[in-house]
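Please look at the model below before reading on.

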Amino acid sequence: MKNIKMKVARVEKDLSQAQLAKLVGVSRQTIGLIELGKYNPSLALCISICKALSKTLDDLFWEQE
């Protein structure tokens with residue numbers, strides 16, 4: 001499942017995938033794969049992404065029913 005919420009939050013912060021990747025210590029490809037739903041990040045990485053984007057885990061990673 002694509003992570004549209006993460007992509008929207010990243011764009012709202014005016015960050016490229018590469019810029020977000022640098023902030024959280026991963027490659028740009030990793031961020032791209034998370035947004036495409038092809039990579040399941042660790043909890044630690046999810047928390048780092050949330051902090052970088054000023055969002056909660058629920059905001060970015062919780063699936064709505």
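## Helix α1

On α1, the face turned away from the buried side carries I4 and E12, both exposed (exposed means over 50% relative accessible area, buried under 20%, partly exposed in between, with a 1.4 Å probe and protein chains only). Helices here are DSSP runs of H or I with at least four residues, and strands are runs of E with at least two, numbered from the N terminus. This is a predicted model, in which local features need pLDDT of at least 70 and side-chain atom pairs count only at pLDDT 80 or more, while totals for chains, interfaces and linings use all residues. Residues are numbered from 1 along each chain as its sequence is written, and side-chain values use heavy atoms, with hydrogens and water left out.

M6, A9 and R10 are the buried residues of α1. Viewed down the helix axis, they fall within an arc of 100 degrees, so they line one face of α1 (the arc is that of the directions from the helix axis to the C-beta atoms). Their cover includes α2 (17-24), α3 (28-36), α4 (43-53) and α5. After α1 comes D14, with a positive phi near 60 degrees.

## Helix α3 and the annotated region

The buried residues in α3 are T30, I31, G32, I34 and E35. Among the elements covering them are α1, α2, α4 and α5. G37 follows α3 and has a positive phi, near 80 degrees.

The UniProt record, an unreviewed entry, places "domain: HTH cro/C1-type" at residues 6-60; positions are given in the numbering used here, the feature name is shortened, and annotations may be inferred rather than shown by experiment. Over residues 6-60 the chain is 71% helix and 0% strand, with the end C-alpha atoms 5 Å apart.

## L60

L60 lies in helix α5 and is buried, at 2% relative accessible area. Leaving aside neighbours within four places in sequence, L60 is in contact (heavy atoms within 4.5 Å) with N3, K5, M6, A9, I49, C50, L53 and K55.

## The largest pocket

The largest pocket is lined by 16 residues, with M1, K2, N3, F61 and E63 nearest its centre. A pocket is an open set of points on a 1 Å grid over the protein atoms alone, where a 1.4 Å probe fits, with protein on both sides within 12 Å along at least five of seven lines; lining residues have an atom within 4 Å of a point. α1 (4-12) and α5 (57-61) each supply at least two lining residues.
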